[in-house]
Amino acid sequence: MLDLPLNIDYTGKTVVITGAGGVLCAEMVKAFAQSGARVAALDLNEDAVRRLADELKNEGLECTGYKANVLDAEALEEVHKSVLAKYGPCDILINGAGGNNPKATTDNEYQHEARPGQKTFFELDAAGVDFVFRLNFQGSLIPAQVFAKDMVERQSGNILNISSMNAYTPLTKIPAYSGAKAAISNFTQWLAVHFSKVGIRVNAIAPGFFLTDQNRALLTNPDGSYTERSHKILRNTPMEKFGEPSDLVGTLLWLCDEGAAGFVNGIVVPVDGGFSAYSGV
């Protein structure tokens, strides 16, 4: 009889997820907890991850919320100590923290459309651009430096980064975020090679378009209807819909499972409803 590789059982595994207060990563926390893992949910918004942890504990699942700034290595080391004391060494790290900033976003898709008072490419704020790069790139690098030490010591572990469709082809208006996510895809490949001899696999998911708290203002009007930007996205997504957070779960659990994906290393998997396959024609 064939030994089927995907059994979705993470019992005994310690999973650390950054950005766990957000819509997509909260879904990842729930998925791992329901699969038997001990989950450390990290986010700058302590209330959000505490509420999430309480919800899961009420269901008899194992989860603890921690306030964490992914750009503060010293503070993250303290969180690491707490996780070690409660759950033991980290087996799986999900680098979910990231995002954009209005100061790094133009008001127009094209320069010729610019009107007086609007923020064009020339008015992009250097500090805002720097923040976006730091949050997305260093916000993945620093947690890996902190939690992958556990994996190196045991010659076993898994890191999953969150890239984006922007990494393949940049979207209009958000040059910093697009560039930062391209850096994440590149970093994923670099880190996969770097850790290849110590038993650590490194991969990434590139979500397509999902409605989250961070992009809701860009994609929906105050009355809940879709903006023109949303309609443009949907016209270029063959499945003609936005993704649901649950759409990421299958790929997430597959990539982190040693039996199912033990020889998968250094890849970025689009979960995008066909967006990356469509030429627009």
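The notes below go from the sheet to the helices and then to the cores.

Model. I am working from a predicted model.

Sheet. I looked up the strand order first. The sheet is open and has 7 strands, in the order β3-β2-β1-β4-β5-β6-β7, with parallel pairing. At the edges I found β3 (63-67) and β7 (268-271), each of which pairs on one side only. From one strand to the next the twist averages 20 degrees.

One pair in detail. I then took β1 (residues 14-18) and β2 (residues 38-43), which pair in the parallel sense over 5 bridges. I17 has A41 in β2 as its bridge partner.

Helices on the sheet. Helix α2 (residues 46-58) packs on the sheet and touches β2 and β3. I noted an angle of about 175 degrees between the direction of α2 and that of β3. Helix α3 (residues 73-87) lies across β1, β2 and β3, and runs at about 165 degrees to β3.

Cores. Which residues touch the most other members of the largest nonpolar core? They are I17, V29, F32, I94 and L252, out of 37 residues. Among the elements that give two or more residues to this core are β1, α1 (23-34), β4 (92-95), β5 (157-162) and α8 (249-255). The most comes from α1, with 8 residues.

Leaving aside its neighbours within four places in sequence, L252 contacts M28, A31, F32, I94, L160 and I205. Another core lies apart from the largest one; it has 24 residues, including A40, L42, F195 and I200.

Technical notes: Residues are numbered from 1 along each chain as its sequence is written. This is a predicted model: local features need pLDDT of at least 70, side-chain atom pairs count only at pLDDT 80 or more; totals for chains, interfaces and linings use all residues. Side-chain values use heavy atoms; hydrogens and water are left out. Two strands pair if DSSP finds at least two bridges between them. Helices (H or I, at least four residues) and strands (E, at least two) are DSSP runs, numbered from the N terminus. Axes are lines fitted to C-alpha atoms, for helices over the stretch in contact, and angles run from 0 to 180 degrees between N-to-C directions. Contact means heavy atoms within 4.5 Å. A nonpolar core is a set of buried Ala, Val, Leu, Ile, Met, Phe, Trp, Tyr and Cys residues joined through side-chain atoms within 4.5 Å. Buried means under 20% relative accessible area, exposed over 50%, partly exposed in between (1.4 Å probe, protein chains only).
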